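Colleague: Could we go through this model together, one topic at a time, with the cut-offs stated as we go?

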Amino acid sequence: MSDNGKFSGREVVIVEAARTPIGRGHEEKGYYKDVHPSTLLAKTYSEVIERAGIDASEVEDVVTGCVRSSVSRA
């Protein structure tokens, strides 16, 4: 941030968002049990680029997050 309180430098643009598929997380019966998390994330990156219709070389930074919801079963 500059002295005048405004941002300076690169412009940030969010062009698209995607998430990994939802599947059962059971280590023996889970749908994605044999897929490494890095493989799922790579597919997500590819999908974002495809949806946005941009050249992958245009991407400088990528922000990812991880959220795990707790579901109580009665």
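**Salt bridges and surface**

Modeller: Arg-51 and Glu-47 form a salt bridge, with their closest N and O atoms 3.1 Å apart; the term stands for a side-chain nitrogen of Lys or Arg within 4 Å of a carboxyl oxygen of Asp or Glu. This is a predicted model, in which local features need pLDDT of at least 70 and side-chain atom pairs count only at pLDDT 80 or more, while totals for chains, interfaces and linings use all residues. Residues are numbered from 1 along each chain as its sequence is written, and side-chain values use heavy atoms, with hydrogens and water left out.

Colleague: By about how many helical turns are Arg-51 and Glu-47 separated in helix H1?

Modeller: Helices here are DSSP runs of H or I with at least four residues, strands are runs of E with at least two, and both are numbered from the N terminus. Because Arg-51 and Glu-47 lie four residues apart in helix H1, their separation is about one helical turn.

Colleague: Which residue meets Lys-33 in a salt bridge?

Modeller: A search of the whole structure finds two salt bridges. Lys-33 is partly exposed at 42% relative accessibility, where buried means under 20% relative accessible area, exposed over 50% and partly exposed in between (1.4 Å probe, protein chains only). Its partner counts as exposed at 68%, and the N to O distance of 3.0 Å belongs to the pair of Lys-33 and Asp-34.

Colleague: Is Thr-44 buried or exposed?

Modeller: Thr-44 is found in helix H1, and its side chain reaches the backbone oxygen of Leu-40 at 2.9 Å. Not counting residues up to four places away in sequence, Thr-44 touches Ala-18, Arg-19 and Thr-20, a contact being heavy atoms within 4.5 Å. With a relative accessibility of 9%, Thr-44 counts as buried.

Colleague: About how much accessible area do the residues of the nonpolar patch on the surface have together?

Modeller: Patches are made of residues with over 30% relative accessible area and no salt bridge, like charges being joined within 9 Å and nonpolar side chains (Val, Leu, Ile, Met, Phe, Trp, Tyr) within 5 Å. Ile-54, in the segment after helix H1 (37-52), is partly exposed at 31%. Accessible areas come from the Shrake-Rupley method with a 1.4 Å probe, and for residues only the protein chains shown count as cover. Val-13, Val-15, Leu-41, Tyr-45, Ile-54, Val-59 and Val-62 together have about 530 Å².

Technical notes:
Polar contact = N/O pair within 3.5 Å; in protein donor to acceptor, adjacent residues only side chain to side chain.
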